[in-house]
Amino acid sequence: MDGSKDDRKKILIAGEVILDIAPAFLGEPVKRLEERLIPGRAMLMGKCSVYAGAMGNTALAVKRLGGSPILAGRIGDDLFGRVFRQLMEEQQVESALLVDAEADTPYTIGLSVPGIDRMFLYYPDAAWRFDGQEVNDKLLKEACILHFGYPMAMKRMYQEEGKKTAELLKRGKQQGAVTSMDFCFIDEMEEGPHQDWKAILKNAGPYLDIFAPSIEELMYYIDRENYRRLKEGEGEFLDKIDFEKDVEPLADFLLGLGIKIVVIKCGIKGIYLKTSSANAIRQIAERLPICEKEWTEQRLLQPAYPVKQVVSAAGAGDVTIAAFLLALEKGFGPEISLKLAARAGARCVMSVDSYSNLVPLEELLKEID
C-alpha cells in the first residue's frame, strides 16, 4: 500500500437519524403501568430531555472520543429536523443530512416509568424514505470507514432482499472505505422484522467488513426460534446465553457470508469478537493502519466493565461500536480495541444521555486494564 490509508481520518456514519424525546417520570417505582398513567389525570413530570438518537448517537460518540465523524441521513424540513441539526452543530459534528421537504423527521418518545421496562413511541417517516443515495461518492472518498445503521428501520434498504444495502456497502468499498453495519430492534407492526434477514446478510456479506449487532438483535433476526426459547420462562435473556452454543455458531455463520470482523455485543456479559482469515483481514489492513497478523483468526471475549450505577442504557450499543471503529482507525489491536469499546459503553450507561460522560480515546486508554 502506498500509505494513503493514513490520509483519511473521517468516519462516515450513515443511516437512520432520529430525535429522541425523553420526559422524566417522578416518584417511587411501581409494579403496574396503570398506577402512573391514569386516563383523565394530569401527571407531574420532571424535565424533558431531547437527544439526537440512532446514528446521531454514534456520530456524537465518535466526536467525544476524539474522532472526526460525518453524519449522513435524511430528515424533514420541520421543527424536529431543525432541532436535530442544532444538536449536531452544538457538538461540532459535521453533517451531510439530506433535508426532504416531503418527509417528517423521525422521532421517539421514550417512556421510562420507575419500576417498568422502558417503552418507546416511534415515528419513522424520513427513515422509510432513506435509499442510500444520501451517501454520495464525494463523502465516501473522504472517509476511512463507512458505518451504516439500521437497515431494518428503512424500507427501501431491506426491500428486494436488501438490494440497496448491498449497493451502498459495495460503493463504500469501491471508494476505498472499510464498511461496517449495526442492527436494532423495531416494532413487529413494521415490515422490517419479517424480512428474510439471512438472505439480506448473504447479499451484503461480500461487501461488509465489520458487523456489530447485539446478541439479542442477531438472534431475533436470524435465529428466532432460539431467541424465543431463551426469552421464555424465568430469568434474564443474557443470563441464559452460552457463548459456545449460542454465540459462536452465529459468528461462524456470519464469517461464512464473507464478513471479516464480527463483533457481538452481549450487554453485561461483555463483547464477543471473531475474525476471518489473513486474506480477508488484509483487505482491511490495506485501508486502515492495523496489523494484519494481530487481527487474523481471533476469538476473544471482553468482559463488561463494572459500573456503580446504570443511569440509562440508551445508546450504549452505538457508543460501543463508535469506540471500536475509532480504535481501528487509530491502528489498535483487537484486545485493546475491545477494551476501549467496553469501557466507552460503561461510561455511556452512567449518564442520562449517551455521550456527555465520554472522554477522548487517549484518556480512555488510562482506564482500561
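Lys240 is partly exposed in this predicted model, with a relative accessible area of 26%. Setting aside residues up to four places away in sequence, Lys240 touches Leu230, Lys231, Glu232, Gly233, Glu234, Gly235 and Asp246. For a sense of distance, the C-alpha atoms of Lys240 and Val113 are separated by 26 Å, and these two residues are 127 places apart along the chain.

One of the partners of Lys240 deserves a visit of its own: Asp246. Asp246 belongs to helix 9, which covers residues 243-256. Is Asp246 buried or exposed? Asp246 counts as buried, because its relative accessibility is 6% and the cut-off for buried is under 20%. The side chain of Asp246 makes a polar contact, at 3.2 Å, with the side chain of Asn226. Beyond residues up to four places away in sequence, Asp246 touches Met219, Asn226, Arg229, Leu230, Lys240 and Ile241.

A further aspartate to look at is Asp131. You will find Asp131 in the loop between helix 3 (125-129) and helix 4 (137-142). With 18% relative accessibility, Asp131 counts as buried. Leaving out residues up to four places away in sequence, Asp131 touches Arg74, Arg156, Met157 and Lys164.

Now to the helices, starting with helix 1. Which residues of helix 1 are buried? They are Met55, Gly56, Asn57, Thr58, Ala59, Leu60, Ala61 and Val62. Eight of the 10 residues of helix 1 (residues 55-64) are therefore buried, so this helix is largely enclosed by the rest of the structure. Just after helix 1 comes Gly66, with a positive phi of about 100°.

Helix 6 is also worth a look. Its buried residues are Trp197, Ala199, Ile200, Leu201 and Ala204. The cover over these buried residues of helix 6 includes helix 5, strand 9 (178-181), strand 10 (210-211), helix 7 (215-222) and helix 9. At the N-terminal end, helix 6 is capped by Asp196, which places a side-chain oxygen 3.3 Å from the backbone nitrogen of Lys198.

| Helix pair | Angle | Axis separation |
|---|---|---|
| Helix 5 and helix 6 (residues 197-204) | about 25° | 8 Å |
| Helix 12 (residues 316-330) and helix 13 (residues 334-349) | about 150° | 8 Å |

Helix 5 and helix 6 pack at an angle of about 25°. That makes helix 5 roughly parallel to helix 6, because angles under 35 degrees count as roughly parallel. Helix 5 passes helix 6 in a right-handed crossing. On the helix 5 side, the residues that meet helix 6 are Tyr158, Glu161, Gly162, Thr165, Ala166 and Leu169, while helix 6 contributes Trp197, Ala199, Ile200, Asn203 and Ala204. Sorted by class, this contact of helix 5 with helix 6 has seven nonpolar, three polar and one charged residues.

From helix 12, Ala316, Val319, Thr320, Ala323, Phe324, Ala327 and Leu328 meet Ser337, Leu338, Leu340, Ala341, Ala344, Gly345, Cys348 and Val349 of helix 13. The residues of this contact of helix 12 with helix 13 divide into 12 nonpolar, three polar and no charged.

Where is Glu161, a residue with positive phi? Glu161 lies in helix 5, and its phi is about 55° although Glu161 is not a glycine. Glu161 is partly exposed, with a relative accessible area of 43%. Gln92, likewise a residue other than glycine, has a positive phi near 55°. Gln92 is placed in the loop between helix 2 (79-90) and strand 5 (94-100), and Gln92 is exposed, with a relative accessible area of 62%.

Finally, the peptide bond from Gly149 to Tyr150 is cis, with omega near -5°. Tyr150 has its place in the loop between strand 8 (143-149) and helix 5 (155-174).

Conventions. Residues numbered from 1 in each chain as written. Predicted model: local features only at pLDDT ≥ 70, side-chain atom pairs only at ≥ 80, totals over all residues. Heavy atoms only, no water. Helix = DSSP H or I, 4+ residues; strand = E, 2+ residues; numbered from the N terminus. Buried < 20%, exposed > 50% of the residue type's maximum accessible area, 1.4 Å probe, protein only. Polar contact = N/O pair within 3.5 Å; in protein donor to acceptor, adjacent residues only side chain to side chain. Contact = heavy atoms within 4.5 Å. Axes fitted to C-alpha atoms, helices over the stretch in contact; angles between N-to-C directions. Parallel < 35°, antiparallel > 145°, perpendicular 65-115°, else oblique. Left-handed = near helix turned anticlockwise from the far one by under 90°. Nonpolar A, V, L, I, M, F, W, Y, C, P; charged D, E, K, R; others polar.
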